[in-house]
Amino acid sequence: MLKGFRDFIMKGNVVDLAVAVVIGAAFGAVITALVDNVLMPLIAALVGSPNFDSFLLLNINGVDIKFGVFLTALVNFLLIAAAVYFALVMPMQKLNNHLAARRAAGEEEPEEEIDPQLELLAQIRDELKSLR
């Protein structure tokens, strides 16, 4: 039972997913800090308030209808979406376009140098195979 569970946990997709979740959480903190500490103060400098919570506040029969809270959430969403787009999506698109252009031009991607230790291990493996 334990061996099957260990095989399930050690599969590449599960480990990759776990790494993606951790990195995503860390990147979420970076984006939140960017929006809260850089972009929202800039909006506050332009508009006079870092949020729109008191904007379009209606009171109907003793019930508060807060359109400004929705507007603040919408602005935060747009700022976060723009930050993710310009920090991740756009650079990845440029990198993919650059690599596609290099492949189309017939240029080969630079080969990585083989570690001498790995090369020696490969030679030892090949010698051991020939001795069998």
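**Notebook: core, patch, pairs**

I looked up the largest nonpolar core first: Ile31, Val35, Met40, Ile43, Phe52, Val75, Leu79 and Ala83, eight residues in all. A nonpolar core here is a set of buried Ala, Val, Leu, Ile, Met, Phe, Trp, Tyr and Cys residues joined through side-chain atoms within 4.5 Å. Buried means under 20% relative accessible area, exposed over 50%, and partly exposed in between (1.4 Å probe, protein chains only). I noted that α2 and α3 (67-104) each supply at least two residues of this core. The largest share, four residues, comes from α2. Helices (H or I, at least four residues) and strands (E, at least two) are DSSP runs, numbered from the N terminus.

The model is predicted: local features need pLDDT of at least 70, side-chain atom pairs count only at pLDDT 80 or more, and totals for chains, interfaces and linings use all residues. I count residues from 1 along each chain as its sequence is written, and side-chain values use heavy atoms, with hydrogens and water left out.

Next, the record. The unreviewed UniProt entry annotates residues 21-47 and 67-88 as "transmembrane region"; such annotations may be inferred rather than shown by experiment. I checked both spans in the model. Residues 21-47 are 100% helix and 0% strand, with end C-alpha atoms 36 Å apart. Residues 67-88 are also 100% helix and 0% strand, and their end C-alpha atoms lie 31 Å apart.

Then the surface. I found a nonpolar patch of about 620 Å², made by Phe55, Leu56, Leu58, Ile60, Val63, Ile65 and Phe67. β1 (57-60) and β2 (63-66) are the elements that give two or more residues to the patch. Patch residues have over 30% relative accessible area and no salt bridge; nonpolar side chains (Val, Leu, Ile, Met, Phe, Trp, Tyr) are joined within 5 Å, like charges within 9 Å. Leu56 sits in the loop between α2 (12-47) and β1. Leu56 counts as partly exposed, at 48% relative accessibility.

I searched for aromatic pairs and got one. The ring centres of Tyr85 and Phe86 are 5.2 Å apart and the planes stand at 80°, so the pair is edge-to-face. Cut-offs for Phe, Tyr and Trp (its six-membered ring): centres within 6.5 Å; planes under 30 degrees apart are stacked, over 60 edge-to-face, the rest tilted. Tyr85 is partly exposed at 36%, while Phe86 is exposed at 52%.

Last, salt bridges (a side-chain nitrogen of Lys or Arg within 4 Å of a carboxyl oxygen of Asp or Glu). I found one. Arg125 pairs with Asp126, the closest N and O atoms being 3.3 Å apart. Arg125 is partly exposed at 44%, and Asp126 is partly exposed at 41%.

Technical notes
Areas by Shrake-Rupley, 256 points an atom, 1.4 Å probe, with all protein chains shown as cover.
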